[in-house]
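The sequence and the model come first.

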Amino acid sequence: MSALNDQQLGMKRRITRRDFMDGTALAIGAALPLAAQNPRFVRPTPPQGQGADLSAEPPLLAQGISEQDPRYYPPSLTGMRGSHPGSFETAHRLRSTGEWDLSGATREDSTYDLIVVGGGISGLAAAYFFIKDQGRNARVLVLDNHDDFGGHAKRNEFRYNGRLLVLNGGTVNIESPEHYNAPALGLLHDIGIDLDRYIAANADNRKLYRSLGLGAGHFFDKETWGTDRLVRGGASDIASDLGGTFTAEFLEKTPLSEQARKDMLRLFGKDQPDYMPGLSSAEKKLRMAKMSYQDFLLNHAHVDKQVLWFLQGLSKSFFQVGIDATPAYYCWMMGQPGFSGMKLEPTPDGTLADLPGGQHGRQKETWHFIHFPDGNATVARLLVRWLIPDAVPGSTMESVATARVNYAQLDGASNPVRLRLNSTVVNVRQDGDPVSAKEVVVSYVREGKTHQVRGRACVMACWNTFIPYLVPQLPAKQKEALAYGVKRPMVITNVAIRNWTSFHKLGLNYVSTPTMFFREIALAEAASLGDLKAPQTPDEPIVLILEHVPVAPGRPIREQHALGRMQLMQTSYETFERKVRDQLGRVLAGGGFDPARDIVAITVNRWSHGYAYSYNSLYDPLEWAFTSTDSRPCVTARQPYGLITIANSDAAASSHTDAAILTAYQAVCHALDRRAMPLVG
C-alpha cells in the first residue's frame with residue numbers, strides 16, 4: 001500500500017495508543033515521548049522471539065511504571081493487548097528450553113494457605129471459594145503473567161470528549177444463565193450481580209438500534225467479487241440479535257449468480273426436500289455428525305458454492321473454524337438452514353445438562369445472552385472487590401461500572417488475599433513425595449528475576465497445555481491429556497470512533513464481511529450499568545467491535561488452531577491497524593466515514609491461546625462429543641496431583657464462564673478434602 005493511501009487511512013496520523021479526554025491525549029504523560037516525560041528513562045530493548053512486535057508499545061514495567069504508580073491502569077491501554085508484550089516471553093523461553101534455572105531464585109519467607117497460578121475467572125473464583133470456606137483470615141496468593149487481572153475477561157476503556165466508553169476485550173457475556181450450576185450462581189450472588197435487575201434496566205437499550213431503523217448488512221469485497229458492494233438486509237450473525245432473512249429483493253442487489261440466488265431462496269425457504277431420503281432420523285444424525293456442514297451443503301443440498309459465503313459467520317463465532325471443520329449435526333442444532341425437510345427427531349431438553357457451560361451444536365440452544373458493557377470483566381472486577389475490597393471502590397453492581405481499580409492495593413502486604421500481576425510462573429513442585437508432601441514450592445519470574453514462594457496447596461488456573469511444563473513430575477498419561485486440547489485463537493479489535501452517523505445513514509448496526517480480514521463489524525451492544533450509559537444518538541462517540549478468526553481451511557481442527565496461533569503471534573499491531581482502517585473506510589464509505597478523521601483509538605485484543613477446545617465429532621470420538629464420559633481427555637487432565645489441583649475452562653472442555661467457575665469450585669474442594677483427609681487425592 002502506498003504512502004498516500006496510508007496517509008488517507010490515517011496511518012501517519014500521530015495519536016496516542018493510550019487514553020483520550022476532551023479529544024486530547026493524556027494518561028501516560030499526554031503525547032510527550034517517554035524520554036521527555038522522564039529524563040532518566042531508557043527505552044527497553046523490544047521483546048524478542050515469537051510474538052515480538054516492534055510496532056507495539058513496550059510493557060508498563062519496562063517503561064518504569066509499576067503497580068504503585070498512579071499512571072498504572074491497564075484497562076486504558078490501547079494498541080496490542082490480550083497476549084500483550086511482556087506477558088508471554090518468559091513462558092515461550094520455558095517452552096523452548098524445557099526447564100528453568102532455579103538456582104538463583106530469591107526465596108520468600110511467606111507461606112500461603114493457597115497459591116493460585118492464574119488470575120482469570122477460574123483463578124479468582126478459586127480464591128473466592130477458598131476464602132468462603134476457610135474464612136477471611138486465610139492467606140491466598142494469586143499470580144498472573146499479564147499486567148491486568150481477569151484472564152480473557154478483560155476490559156478496554158476509551159475516553160473521548162469527556163465520555164467514558166468501555167467494551168469487553170475478551171469474554172463477551174453470561175450465556176444461558178438458566179443452565180448455570182449452583183456454585184456459579186452462588187458466586188454471582190455473593191459478589192453482587194443481580195441479573196434480573198440488570199436485564200430490566202436495559203430493556204430499552206435492547207430495542208435501541210431497531211428503533212433507529214438499523215439492521216444487518218453484507219459487504220461483498222472486491223478481492224472476492226470483483227468490486228466492493230454493500231447491501232443492506234439479509235440475516236444477522238450476531239448471536240445476541242439473530243434475525244432477518246434473505247429475500248429475493250435482497251438477493252437481486254447482490255453479485256450472486258442466478259443459480260446461487262435460487263439456491264439461497266431454496267435453502268432458507270420453509271419447504272425443503274429431505275436431502276438424505278431413505279435413512280432413519282438416527283442414521284441421518286450419525287452421518288451428519290461425521291460430515292462437515294460444507295460437505296452437506298455442496299454434496300447433499302447441492303447448492304452453488306457462492307452460497308457458502310453467507311454461512312461461515314456462526315461457525316467462526318462459536319467454534320473458531322469455518323464450516324469445512326464444523327459438523328453438519330452441530331449446524332442443525334444451532335438452527336442453520338438446510339434441515340427443515342430432514343424429519344430429524346428433536347434433541348431432548350436435558351441432553352448434556354450435567355456438563356457446565358453451553359455445549360454448542362450438541363444441546364438445545366437458549367440464545368439467552370447477558371452482556372455487561374465490558375463483558376465479563378464486570379464479573380472479574382466484582383470478584384476482585386470481594387477478595388480485596390480496598391482495590392475496587394463502591395459496593396454495588398452498578399458502581400463497579402465506573403470504578404477505577406487501585407492496582408497499588410492488589411498486592412498489599414497486609415492483604416489476606418494478594419494478587420500479584422506481571423509474574424509468570426515457571427515451576428511448581430511438591431516439597432517431597434506427592435502422597436505425603438505438606439507444601440508446594442512455586443517459582444515465578446517478575447522483571448527478569450526468579451522468586452520462590454511456598455503454599456499448603458496450589459490451584460493451577462492457567463491453561464492446560466502449559467501445565468506439563470510447569471509441573472514436569474506429572475504422570476505421563478495426565479500430561480498427554482493436558483496437551484490434547486489446543487486453544488482456539490481469535491482477535492477482538494475494539495475501535496473507538498467520534499460518532500456513528502455513518503452507520504445511521506446506512507441503516508446498519510452490523511455488517512457481515514466474511515472474506516475480509518475482520519469477519520464482521522458491529523456497533524457495541526447497547527448496554528448501561530450505573531453511571532456508565534450506552535450511547536443513545538448517532539452523534540455520540542461509540543466503540544466498534546471487529547472480530548478476526550485465523551483459519552486454515554481443509555486442515556484438521558487442532559492443526560487449524562495451532563496454525564492460527566502462529567499466524568497471530570507473527571502479525572504486528574501495525575498490520576492490524578492498517579486492516580482496521582482499510583476495512584472501515586471501504587465498508588462505511590457510503591455513510592461518509594473517514595478513517596483518518598473518525599477513528600479515535602484502536603485496541604487489538606490478541607488471544608493466541610483463546611477459547612478452550614471443545615470436542616468436535618468430525619475429529620474426536622462420538623462418545624467425547626455427545627456424552628459426559630470420564631474417558632474424555634479433559635477429565636483425565638484435571639485429576640488432582642498431591643497438593644496440586646487444576647481449575648480452568650480447559651478442564652471442562654468448555655469456554656463458558658460457568659465452566660471456569662465450577663472447575664475452580666471442584667479444585668478447591670479437592671484441596672480441602674486432602675487437607676481434611678490426607679489419603680484423599
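Is tyrosine 198 buried or exposed? I looked up its relative accessible area, which is 5%, so tyrosine 198 is buried. I note here that the model is a predicted one.

**Entry: aromatic pairs**

I searched the whole structure for aromatic pairs and got 35. One that I looked up joins tyrosine 198 and phenylalanine 372: the ring centres are 4.6 Å apart and the planes stand at 50°, so I put the pair down as tilted. Tyrosine 198 belongs to helix H6 (residues 195–201), while phenylalanine 372 is in the loop between E12 and H15, so I wrote down a link between distant parts of the chain, 174 residues apart. Phenylalanine 372 has a relative accessible area of 0% and is buried.

I then took the pair of phenylalanine 318 and tryptophan 367. Their ring centres are 5.9 Å apart with planes at 75°, and planes over 60 degrees apart count as edge-to-face, so that is the label for this pair. Phenylalanine 318 is in helix H13 (residues 313–319), and tryptophan 367 is in the loop between helix H14 (328–333) and E12, so the pair ties together parts 49 residues apart in sequence. Which of the two is buried, and which is partly exposed? Phenylalanine 318, at 10% relative accessible area, is buried. Tryptophan 367, at 29%, is partly exposed.

I also recorded one aromatic cluster, formed by Phe220, Trp225, Phe246, Phe250, Phe268, Trp309 and Phe310.

**Entry: charges over rings**

I looked up two arginines. Arginine 93 has its charged end over the ring of tryptophan 100, 4.4 Å from the ring centre. Arginine 136 lies over the face of tryptophan 386, and here the distance to the ring centre is 3.9 Å.

**Entry: a loop residue**

Where is asparagine 376 found? I found it in the loop between strand E12 (369–370) and helix H15 (377–387). Its relative accessible area is 0%, so asparagine 376 is buried. I left aside its neighbours within four places in sequence and listed its contacts: Ile121, Ala153, Thr171, Val172, Asn173, Ile174 and Thr657.

**Entry: a sheet**

I followed an open sheet of five strands, in the order E13-E6-E5-E17-E23, and its pairing is parallel. From one strand to the next, the twist averages 20°. As a reminder to myself, strands of a sheet pair through backbone hydrogen bonds.

Strand E17 (residues 458–460) pairs with E23 in the parallel sense, over three bridges. Methionine 460 stands opposite isoleucine 646 in E23.

**Entry: cysteines**

How many disulfides does a search of the whole structure find? The search finds zero. Cysteine 458 is in no disulfide, and the nearest cysteine sulfur, that of cysteine 462, is 8.3 Å away. A disulfide needs the two sulfur atoms within 2.5 Å, so 8.3 Å is too far for a bond. Cysteine 458 has 0% relative accessibility and counts as buried. Cysteine 462 is at 17%, and buried means under 20%, so cysteine 462 counts as buried.

Technical notes. Residues numbered from 1 in each chain as written. Predicted model: local features only at pLDDT ≥ 70, side-chain atom pairs only at ≥ 80, totals over all residues. Heavy atoms only, no water. Pairing = 2+ DSSP bridges. Helix = DSSP H or I, 4+ residues; strand = E, 2+ residues; numbered from the N terminus. Axes fitted to C-alpha atoms, helices over the stretch in contact; angles between N-to-C directions. Buried < 20%, exposed > 50% of the residue type's maximum accessible area, 1.4 Å probe, protein only. Contact = heavy atoms within 4.5 Å. Phe/Tyr/Trp six-rings, centres within 6.5 Å; stacked < 30°, edge-to-face > 60°. Lys NZ or Arg CZ within 6 Å of the ring centre and 35° of its normal.
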